[in-house]
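Student: Could you walk me through this model, please? I would like to learn how to read it step by step.

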Amino acid sequence: LFYVLAAVLFILGLKRLSHPKTARTGNTIASVGMLIAIATTLISSGAIDYKLIALGIVIGSLIGGIFAIKVEMTGMPQMVALFNGFGGGASALVAAAEFYTNAAPDVLVGDTNHFMLATIAVSVFVGTLTITGSFIAFAKLQGLISGQPIVFKGQQVLNALFALSLMTAGSGMVLSAEDMMLYFLGVVALAAILGMTLTIPIGGADMPVVISLLNSYSGVAAAATGFVLMNNGLIISGSLVGASGLILTNIMCKGMN
């Protein structure tokens, strides 16, 4: 019931974000929904470490508060890019933790849970791609690297090879019990490289569109992690972010020609 309440608040918050006058209220409503979802998850799990929770809240609040206060409005796209990256990275880390604790070869007993391994592979892939791609977008907008498109001969072929290798590694991770850890590390490494190679050919002027797409990716990664943990709140919130991000990306592509 509390997950349903959180989902309703997510949807109401998202709707109010559609207009500048109601956006701040919408953000608050969605934040309350997330607080309810997190509290519900912790209570239902029965393993609550209040010290760790308090530490996480303090550290997260300090980082978020400093960023929000210090960054000027002109630097807002960079901040959004970083936050997208943190979201994707968090999903990848949670999925990786689940892999090491419940899905690694020395833990598995009997038949391998192929569904869990597949969702872990998707979450780690999308989450890792999101964090590296987001940091490249941040670096381009911040002027840390060239804002011009970085292209070279055979780039698309190289990206295609990376994508094929990534699918192979993901399949091996799900199907191969012997070399599962090796395939898992391969997924992480290839996803990280692909996140960079897909972002560098895009110019700084088009970075807002890329950031919008990466925002969608962070939602997809969260939803995949929700399936890993079988957590309805995470599946719902991730799906909402993923879908709304894709719609926003489409609108921005048309608007920016």
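Student: Which residues have the most contacts inside the largest nonpolar core?

Tutor: Happy to start there! This is a predicted model, where local features need pLDDT of at least 70, side-chain atom pairs count only at pLDDT 80 or more, and totals for chains, interfaces and linings use all residues. Residues are numbered from 1 along each chain as its sequence is written, and side-chain values use heavy atoms, leaving out hydrogens and water. A nonpolar core is a set of buried (under 20% relative accessible area, 1.4 Å probe, protein chains only) Ala, Val, Leu, Ile, Met, Phe, Trp, Tyr and Cys residues joined through side-chain atoms within 4.5 Å. The largest one has 21 residues, and those with the most contacts inside it are F99, I120, V124, L166, M173, F184 and V187.

Student: Which helices each supply at least two residues of this core?

Tutor: Helices here are DSSP runs (H or I, at least four residues), numbered from the N terminus. The ones you want are helix 4 (76-103), helix 5 (114-142), helix 6 (155-175) and helix 7 (180-199).

Student: Which residues does the second, separate core include?

Tutor: This core has eight residues. Among them are L82, F138, M207 and L214.

Student: Is M167 buried or exposed?

Tutor: Look for M167 in helix 6. Exposed means over 50% relative accessible area. The relative accessible area of M167 is 51%, so M167 is exposed.

Student: Against which helix do the buried residues of helix 2 pack?

Tutor: In helix 2 (residues 20-45), the buried residues are G26, G33, I36, A37 and T40. They pack against helix 1 (2-16).

Conventions:
Expected span 1.5 Å × (residues − 1). Contact = heavy atoms within 4.5 Å.
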